[in-house]
Amino acid sequence: MATKATLRVYRGDKDGGDFKEYSVETYPGMVVLDAIHEIQANDAPDMAVRWNCKAGRCGSCSAEVNGKPKLLCMTRMTQYAEGEPITVTPMRAFPIIKDLVTDVSWNYEVAKKIPPFKPRPKEADGTWRMQQYDIDRIQEFRKCIECYLCQDVCHVIRDHDKKTSFAGPRFMIHLATLEMHPLDTVDRRDMIKEEFGVGYCNITKCCTEVCPEHITITDNAIIPLKERVADDHYDPVRWLLRKVGGGRKKEKPSPK
Ligand code: SF4
Ligand code: SF4
Ligand code: FES
């Protein structure tokens with residue numbers, strides 16, 4: 001006999017809204033995005049949901065299931081207790097556009113502020129040489145699919161709305177990718193401290209827990225960035241070197 005699941009889906013826009021309940025017939029392998037598509041097909045063709053790949057690659061179906069940030073296309077219905085309603089809501093950290101779709105454009109604005117990769121000149125033989133260790137260290141950060149689930153769960157953004165002071169975990173890994181790149185020549189440490197607010201992170205690791213790509217955001221990106229900033233600003237020897245202009249190997253970004 002077919003099993004039914006109840007979904008409580010948030011319906012609304014910037015002016016407000018409420019939950020509506022839908023009953024969906026489940027099948028083996030069904031994910032929450034499938035259930036939302038069933039609802040669109042049978043009960044609510046105007047329900048808004050953003051998705052693209054249905055394979056956990058594009059990062060566009062981010063929302064919250066039972067209050068936890070999730071990719072809807074990678075969240076199996078079977079992980080929720082049978083007979084209990086499953087609540088689906090838009091990401092709470094970003095302004096709602098409609099139903100499950102949020103406006104994540106703040107993230108694009110943060111991305112634009114980060115000085116881009118600027119490699120040192122090539123060697124005399126026309127090549128660049130790097131240590132494999134340096135490549136391996138940043139490789140995991142490149143798996144990011146920009147789903148912004150880490151931004152959504154981070155209490156600095158979600159609960160304290162410090163979007164003007166803190167860039168958030170997704171951009172901490174981007175900054176770490178650039179800072180740790182063996183060829184990069186730009187020194188972003190002042191920006192990481194001041195403009196991107198690394199000090200706001202109190203290492204709760206919630207971002208790492210929700211990352212669908214299992215990037216070790218806190219331990220491998222944020223803590224090393226904090227250490228670099230602390231060394232640079234609070235180590236008395238480095239502080240003195242900075243004052244006399246000898247403490248940095250990279251260039252400061254030029255003002256825009
Ligand atoms: S570890 Fe830092 S960046 Fe990650 S969720 Fe916690 S406060 Fe936010
Ligand atoms: S770091 Fe992980 S959770 Fe954050 S945007 Fe990238 S893939 Fe998504
Ligand atoms: S639809 Fe692409 S990640 Fe879910």
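**Entry 1: Gly 168**

I began with Gly 168, which is buried at a relative accessible area of 0%. For burial I used a cut-off of under 20% relative accessible area, with exposed meaning over 50% and partly exposed the range in between, from a 1.4 Å probe and protein chains only. I worked on a predicted model, in which local features need pLDDT of at least 70, side-chain atom pairs count only at pLDDT 80 or more, and totals for chains, interfaces and linings use all residues. Residues are numbered from 1 along each chain as its sequence is written, chains are lettered from A and ligands numbered from 1 in the order in which they are written, and side-chain values use heavy atoms, with hydrogens and water left out.

I located Gly 168 in the loop between α5 (155-158) and α6. Helices here are DSSP runs of H or I with at least four residues, strands are runs of E with at least two, and both are numbered from the N terminus. I noted that Gly 168 touches Gln 151 and Ile 157, residues up to four places away in sequence being left out; contact means heavy atoms within 4.5 Å. The C-alpha atom of Gly 168 is separated by 7.9 Å from that of Val 156, twelve residues apart along the chain.

I next examined α6, where ten of the eleven residues are buried, so the helix is largely enclosed by the rest of the structure. Among the buried residues I listed Pro 169, Phe 171, Met 172 and Leu 175.

I then looked up the largest nonpolar core, which has 67 residues; Leu 7, Ile 36 and Leu 72 touch the most other members. Helix α6 (residues 169-179) gives the most to this core, with six residues. Such a core is a set of buried Ala, Val, Leu, Ile, Met, Phe, Trp, Tyr and Cys residues joined through side-chain atoms within 4.5 Å. In soluble globular proteins, nonpolar side chains tend to be buried together.

**Entry 2: strands**

I turned to β1 (residues 4-13) and β2 (residues 16-25), which pair in the antiparallel sense over ten bridges. Two strands count as paired if DSSP finds at least two bridges between them. The two strands form a hairpin, with two residues between them.

Strand β1 also pairs with β5, in the parallel sense and over three bridges; there, Arg 8 has Thr 87 as its bridge partner. I found β3 (residues 62-65) joined to β5 by two bridges, the two running antiparallel. In that pairing Val 65 stands opposite Val 88. From β5 (residues 86-89), Ile 86 and Val 88 point one way and Thr 87 and Thr 89 the other way, and all are buried.

**Entry 3: an aromatic pair**

Which residue in β2 stands opposite Tyr 10? I found it to be Phe 19. The count of aromatic pairs comes to four. The ring centres of Tyr 10 and Phe 19 lie 5.6 Å apart with the planes at 80°, so this pair is edge-to-face. Rings of Phe, Tyr and Trp (its six-membered ring) pair if their centres lie within 6.5 Å; planes under 30 degrees apart count as stacked, over 60 as edge-to-face and the rest as tilted. Tyr 10 counts as buried at 18% relative accessibility, whereas Phe 19 counts as partly exposed at 29%.

**Entry 4: positive phi**

I recorded Asp 99, a residue other than glycine, with a positive phi near 50°. Asp 99 is found in the loop between β6 (96-98) and β7 (101-102) and is buried, at a relative accessible area of 2%.

I also recorded Tyr 148, not a glycine, with a positive phi of about 65°. Tyr 148 lies in the loop between α3 (132-139) and α4 (149-153) and is buried at 4%.

**Entry 5: ligand shells**

A residue is near a molecule if one of its heavy atoms lies within 4 Å of it. Ala, Val, Leu, Ile, Met, Phe, Trp, Tyr, Cys and Pro count as nonpolar, Asp, Glu, Lys and Arg as charged, and the others, Gly among them, as polar.

Around ligand 1 I found 13 residues, of which Cys 154, Cys 201, Thr 204, Lys 205 and Cys 207 come nearest. That shell has eight nonpolar, four polar and one charged residues. Helices α8 (206-210) and α9 (217-234) each supply at least two of its residues.
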